[in-house]
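Here is a short report on one structure. Look at the model first, then read on.

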Amino acid sequence: MTSKNKLPETEDGTILFNIDPIIIKHHYEINYLHSYAQDSPFFAGLAKGKLMGSRCKKCNYKFATPRSHCMECGAKTEWIELPLEGKIHTFTTCYFGSEEFLKETPFTLILVEFEGIDTLFLSRLINVNPENVTIGMKVKARFLRNSKFKATDVYFIAFE
Ligand SMILES: [Zn+2]
C-alpha cells in the first residue's frame with residue numbers, strides 16, 4: 001500500500017450546457033504532422049507563385065489537379081507548370097462553409113479550365129459578386145504572399 005490514498009483536487013470547474021443529457025464544454029486541440037508526400041511539389045509551387053499539374057509520360061494526358069499516375073492509362077506522370085490564366089468552366093456559390101470559410105460566405109467556387117490541359121482545377125473566385133459570375137469568364141491565379149502551404153494559397157480573380 002502506498003501513502004497516497006487520495007488524488008489532489010483542483011478548483012477548475014466545467015461549463016455545463018445541459019443536464020439531460022449532460023453536455024459539457026471540452027476543449028480539444030491537437031498538433032498533427034501531415035505529410036504531403038508525392039504532392040509536395042504542388043504545395044512548394046504555390047509558395048513560389050506557380051501552379052503545378054502533371055502530365056502522363058505515356059499518353060500525354062495533362063492533369064490540372066496533379067496525379068502521380070495517369071487516370072487514363074495508369075502510367076507514371078511528371079510535373080508540369082500550368083498556365084496562370086484560364087476561364088471558368090463552371091461555378092457554385094456557397095452560402096455555408098466549414099468553420100474556416102464561414103465568415104467569407106457567400107463565396108464562389110470555380111472549376112478553372114486551362115488551355116491545353118485535360119482536367120479542371122477547383123479554386124475560389126474573389127473579385128466578382130456571386131450573381132455576376134458567368135461561365136467562360138477569364139480568370140487568373142493569385143497567391144498568398146505568405147504561403148501557408150495549403151490549397152487555399154491560390155485563388156482566382158476575373159479580368160477583362
Ligand atoms: Zn496516360
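## Strand 10

Strand 10 spans residues 154–158, and five of its five residues are buried. Buried means under 20% relative accessible area, exposed means over 50%, and partly exposed lies in between (1.4 Å probe, protein chains only). Strands (E, at least two residues) and helices (H or I, at least four) are DSSP runs, numbered from the N terminus.

Which residues of strand 10 point one way, and which the other way? Val154, Phe156 and Ala158 point one way. Tyr155 and Ile157 point the other way. In a regular strand, side chains alternate between the two faces of the sheet.

Strand 10 has a partner in strand 9 (residues 138–143). The two run antiparallel and are joined by five bridges. Two strands pair if DSSP finds at least two bridges between them. Phe143 has Val154 of strand 10 as its bridge partner.

## About the model

The model is predicted: local features need pLDDT of at least 70, side-chain atom pairs count only at pLDDT 80 or more, and totals for chains, interfaces and linings use all residues. Residues are numbered from 1 along each chain as its sequence is written, and side-chain values use heavy atoms, with hydrogens and water left out.

## Aromatic residues

The structure holds seven aromatic pairs. Rings of Phe, Tyr and Trp (its six-membered ring) pair if their centres lie within 6.5 Å; planes under 30 degrees apart count as stacked, over 60 as edge-to-face and the rest as tilted. One of the pairs is Phe114 with Phe156. Their ring centres are 6.4 Å apart and their planes stand at 50°, so the pair is tilted. Phe114 lies in the loop between strand 7 (107–113) and strand 8 (121–125), while Phe156 lies in strand 10, so the pair ties together parts that are 42 residues apart in sequence. Phe114 is buried at 3% relative accessibility. Phe156 is buried at 0%.

Phe156 also pairs with Phe121. Here the centres are 6.4 Å apart and the planes stand at 55°, so this pair is tilted. Phe121 sits in strand 8 and Phe156 in strand 10, so the pair ties together parts that are 35 residues apart in sequence. Both Phe121 and Phe156 are buried. One aromatic cluster is formed by Tyr36, Phe42, Phe43, Phe114, Phe121 and Phe156.

## Around the cluster

Phe42, from that cluster, is found in helix 1 (residues 40–47). Phe42 is buried, with a relative accessible area of 8%. Its C-alpha atom is separated by 28 Å from that of Thr134, 92 residues apart along the chain.

Strand 8 has four of its five residues buried, so the rest of the structure largely encloses this strand. Strand 7 and strand 8 run antiparallel, joined by five bridges. Thr108 has Leu125 of strand 8 as its bridge partner.

Another ring carries a charge. The charged end of Lys140 sits over the ring of Phe159, 5.0 Å from its centre. A charge sits over a ring if NZ of Lys or CZ of Arg is within 6 Å of the ring centre and within 35 degrees of the ring normal.

## The zinc site

Which residues coordinate the zinc ion? They are Cys56, Cys59, Cys70 and Cys73, each through SG, at 2.3 Å. Donors are N, O and S atoms within 2.8 Å of the metal (3.2 Å for Na, K and Ca); water is not among the atoms, so sites may look incomplete. Angles among the four donor atoms run from 99 to 120°, and the site is tetrahedral. Four donors count as tetrahedral if all angles lie between 85 and 135 degrees. Along the chain, the donors follow the spacing C-x2-C-x10-C-x2-C.

Cys59 lies in the loop between strand 3 (52–56) and strand 4 (62–63), and Cys70 in the loop between strand 4 and strand 5 (77–81), so the pair ties together parts that are eleven residues apart in sequence. Cys59 is partly exposed at 38% relative accessible area. Cys70 is buried at 5%. Cys73 is partly exposed at 34%. The structure holds zero disulfides (pairs of cysteine sulfur atoms within 2.5 Å).

## The 4-3-5 sheet

Three strands form an open sheet in the order 4-3-5, with antiparallel pairing. Strand 4 and strand 5 stand at the edges with a single partner strand each, so one side of each is left without a neighbour in the sheet. Strand 3 and strand 4 pair over two bridges. Ser54 stands opposite Phe63 in strand 4.

Note on methods: Four donors count as tetrahedral if all angles lie between 85 and 135 degrees; four count as square planar and six as octahedral if opposite donors are over 155 degrees apart and all others between 65 and 115; anything else is irregular.
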